Amino acid sequence: MSEIIKNMSDTLVRLQVELTEIVQNANDLQMLEQAKVTALGKKGRITDLMKTLGAMDPEERKSTGQALNVLKDEIAGLISRQEEALKRQAMDEKLAREIIDITLSVRPERKGHIHPISQTMEELATIFADMGFRIAEGPEIEDDWHNFTALNFPPGHPAREMQDTFFLPEDTGAQGEFAKKLLRTHTSPVQIRHMKANKPPIRIIAMGRTYRSDYDMTHTPMFHQIEGLVIDEKTHMGHLKGCLRDFCEAYFEVDDLPMRFRPSFFPFVEPGAEVDIGCSRKDGGLKIGKGESWLEILGCGMVHPNVLKNCGIDPEQYQGFAFGMGIERIAMLKYGIPDLRTFFDSDARWLDYYGFDPLQRPNRAFSES
Ligand code: PHE
């Protein structure tokens, strides 16, 4: 080996040791970048040596060139491994720094609450889902046909009058009863929409906002209802009673709850009934269960043949029941809330008192029994 080549290979060995050390000592990404520039950059140590190749004789140039390339690849590999290690280390440190204890409540003094209406709707959905009901929906802006006519309201029925119903300007695009728009006064039009779009067997509940022009301790212009509808070939009044009994006992969490079905009139059911549950009043307080008093909680009945016909369902073949309840009302009864209007005051102190812990699960009494 010529003297020059021997010198060069010593130089390369020293350079390899030196650069390896620089790279391995780089303990953050910035230092590593600096090491990269020193080793491989345009003015770096390896490039500098590359530039001397031109002045060498061919044999020397060939062996030195190859050795430099090997060194270059080796250092580049070392740098990229070091880079990966540093990135991993940085990520681990970041994760350790940003650890969050999700078992701690964020700001206990500022904890938000679930509104009693949301809570009650969760409970209702849970109980009825366990009984095999699906959830159906419909619009809050309805037309006269779905809200009244299809539900067998006779033309002059008082509920259609202006004092109860919020009417909207007529829709110029629609015709006849579909042109007359209103805010739905109950969730019963969802029955109609569902029966028109689906074939029996049907087993649904519908929950949501309803509107009537009324305002006092037990009435607000906007309130919530839940509607139930079951249609098949065999369902009868006995099923209706059983279903509502199971529901009331699960919801109010009372066994052997006294219930009373009183004949009543709704145009869309025949026979129709109102349901009362037993309660007792002591020292201004109200307790649901066996007692000397009764509370009306819902309307129900067997779906009127005219309603089935209006939805294209043959009343000779199909039958079933429907029920409707005010959600605020049953929330007030279960949770002892005296004034309906307070539900919609958006008073944070009220919500702190009557609201629910977000982590509390809805009522599972029915499914666990
Ligand atoms: N829609 C009725 C109301 O708002 C309640 C009801 C529903 C009655 C279904 C019978 C059957 O008062």
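Biologist: How far does a polar side-chain atom of Ser188 lie from a nitrogen atom of the ligand?
Modeller: This is a predicted model, where local features need pLDDT of at least 70, side-chain atom pairs count only at pLDDT 80 or more, and totals for chains, interfaces and linings use all residues. Residues are numbered from 1 along each chain as its sequence is written, and side-chain values use heavy atoms, leaving out hydrogens and water. A polar contact is a pair of N or O atoms within 3.5 Å. For Ser188 and that nitrogen atom, the distance is 3.0 Å.

Biologist: What percentage of the ligand's exposed area does the protein bury?
Modeller: Accessible areas come from the Shrake-Rupley method with a 1.4 Å probe. Taken alone, the ligand exposes 330 Å². The protein buries 90%.

Biologist: Where does the ligand sit?
Modeller: A pocket is found on a 1 Å grid over the protein atoms alone, as an open set with protein on both sides within 12 Å along at least five of seven lines. A molecule sits in a pocket if more than half of its atoms lie within 2 Å of its grid points. The ligand sits in the largest pocket.

Biologist: Which element gives the largest share of the shell around the ligand?
Modeller: Helices (H or I, at least four residues) and strands (E, at least two) are DSSP runs, numbered from the N terminus. Helix 7 (188–197), strand 5 (222–232), strand 9 (293–303) and strand 10 (319–326) each give two or more residues. The largest share is three residues, from strand 10.

Biologist: How many residues of that shell are charged?
Modeller: In all, 14 residues surround the ligand, each with a heavy atom within 4 Å of it. Asp, Glu, Lys and Arg count as charged; Ala, Val, Leu, Ile, Met, Phe, Trp, Tyr, Cys and Pro as nonpolar; the others, Gly among them, as polar. The shell holds six nonpolar and six polar residues, and the charged ones number two.

Biologist: How far apart are the centres of domain 1 and domain 2?
Modeller: Domain bounds come from an automatic or database domain assignment. Domain 1 covers 2–97 and domain 2 covers 116–354. Taken over C-alpha atoms, their centres are separated by 79 Å.

Biologist: Where does Pro271 lie?
Modeller: The peptide bond from Glu270 to Pro271 is cis, with omega near -5°. Pro271 lies in strand 7.

Key:
A polar contact is a pair of N or O atoms within 3.5 Å; within protein, one must be able to donate a hydrogen and the other to accept it, and residues adjacent in sequence count only if both atoms are side-chain atoms. On a 1 Å grid over the protein atoms alone, a cavity is a set of points where a 1.4 Å probe fits but cannot get out, and a pocket is an open set with protein on both sides within 12 Å along at least five of seven lines; lining residues have an atom within 4 Å of a point.
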